[in-house]
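The sequence and the model are shown first.

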Amino acid sequence: MNADLVIVGSGFFGLTIAERAAKELNLKVAVLDRRHHIGGNAYSENEAQTGIEVHRYGAHLFHTSNEKVWEYVNRFTQFTNYQHKVYTSHGGEVYSMPINLGTINQFFRSAYGPAEARALIQEQAGELAGTDPKNLNDKGIQLIGRPLYEAFIKHYTGKQWQTDPKDLPAEIISRLPVRYNYDNRYFNDTHEGLPVDGYTAWIERMADHPNIEVVLNTDFFDEGEFSRSSVLGQVPVVYTGPVDKYFDYTEGDLSWRTIDLEEEVLPVEDFQGCAVMNYPDEDAPYTRIHEFRHFHPERDYTKDATVIMREFSRFAQKGDEPYYPVNTAEDRRKLLAYRDLAKAEPSVLFGGRLGTYKYLDMHMAIGSALSMFENKIKPHFSGGSKLE
Ligand code: FDA
């Protein structure tokens, strides 16, 4: 093995560490991934028939207010001026999301100003005032009132969790955004956009360094040159796979939700007129439909066909892709035990979405990797400090 540092996982977390270690410290870095491609869940490719860029593991929208991260990512790609907007199809009508004054006025067939709308929602939310919400259903009603909650949140959340919200803990939601103006931009960050020539071009530029060796189709836990048994104790490791798997599930399995994505090419130029349509009603089995051509209106895509992806949400079983931490009280207890084990593991740093059991947006994964590089990896390789 000819590497100073082994990184398990080529998502944004692993690639940021690899790029920094190779470029700034001139280290030889091996990046392993068990998949056939780099980029982790942000990987995209052009759909074969239409050439339309499809985000393979669900839609990825880049946004950040972190200037350090924005400066860093701009070294590898330019961004379009795409601004994300989401619509929702309820009861045969389409509304804009997150709930804003436009949604409220359309829903109540009214022309309220901000103060009147605020007063109405406060009054409706007062239905369960002073009571302790026993479940997610009560919490939703307390936050935005029964009519809006039941229309836009109740069944959507039920489908996401495959569970009636009356049987879900209240703590799953702490707030439900309601805007008392007509702003329907989904994100409020300072910077937002999509990589001009796609996620894969961006990701490949991060890995394009003579000191970086990318090793695909290789699982850290299988036998081989870069396996756990060959590498541990030889060189430092940054591990971005699932933390429970690393410790052979000794403290129990952490629970995750996953999504099934059903892709379809349709012989029409435009299927739904927007990038994302939510389906918050009980009768649609999916939660939302993405139409990928709308992420890049600046591109000269074919007018003969379009690509859509229906999203179905469910609890992950062993072998499924873990996407969103469920994070029950039991999960948190197990996580604390895994964190103790991780701290005691010599010369292995745990990071990223799977390694920390935390949902991270791309900018958060990159920001957290830049911090790990500055605070742990750089001091270790330049000053010989212990890696912990
Ligand atoms: P990531 O999961 O990307 O990479 C981990 C890599 O490790 C994977 O490639 C995996 O194959 C590899 N690996 C695991 N175990 C291994 C082993 N034993 N051996 C070898 N390799 C192993 N963010 C955002 O900013 N905007 C958005 O719109 C979205 N949308 C979105 C949708 C969905 C459905 C999900 C699940 C996530 C998002 N994200 C997002 C989050 C984004 O995907 C996230 O920030 C990055 O995945 C985090 O990067 P990581 O490198 O931590 O993990």
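How far is an oxygen atom of the ligand from a polar backbone atom of Leu-360? The distance is 2.6 Å, within the limit for a polar contact, a pair of N or O atoms within 3.5 Å (within protein, one must be able to donate a hydrogen and the other to accept it, and residues adjacent in sequence count only if both atoms are side-chain atoms).

The model is predicted, so that local features need pLDDT of at least 70 and side-chain atom pairs count only at pLDDT 80 or more, while totals for chains, interfaces and linings use all residues. Residues are numbered from 1 along each chain as its sequence is written, and side-chain values use heavy atoms, with hydrogens and water left out.

**Ligand surroundings**

There are 32 residues around the ligand, counted as near if one of their heavy atoms lies within 4 Å of it. Those that come nearest are Asp-33, His-60, Leu-61, Leu-360 and Met-362.

| Residue | Distance |
|---|---|
| Phe-13 | 3.0 Å |
| Leu-61 | 2.8 Å |
| Leu-360 | 2.6 Å |

**Helix packing**

Two packed helices are described by the angle between their axes and the distance between the axes. Helices here are DSSP runs (H or I, at least four residues), as are strands (E, at least two), numbered from the N terminus. Axes are lines fitted to C-alpha atoms, for helices over the stretch in contact, and angles run from 0 to 180 degrees between N-to-C directions.

Helix α4 (residues 114-125) and α5 cross at roughly 150°, and their axes come within 6 Å. This angle makes α4 roughly antiparallel (over 145 degrees) to α5. On the α4 side the contact (heavy atoms within 4.5 Å) involves Ile-121, Gln-124 and Ala-125, and on the α5 side Ile-141, Gln-142, Leu-143 and Ile-144.

Helix α5 (residues 136-144) also packs with α6 (residues 146-161), at an angle of about 140° and with the axes 9 Å apart. In α5, Leu-136, Asn-137, Gly-140, Ile-141 and Ile-144 take part; their partners in α6 are Arg-146, Leu-148, Tyr-149, Ile-153, Lys-154 and Thr-157.

**Backbone features**

A cis peptide bond, with omega of about -15°, joins Met-97 and Pro-98. Pro-98 lies in the loop between β7 (93-97) and α3 (101-107). Arg-109, in the loop between α3 and α4, has a positive phi of about 50° although it is not a glycine.

Conventions
Parallel < 35°, antiparallel > 145°, perpendicular 65-115°, else oblique.
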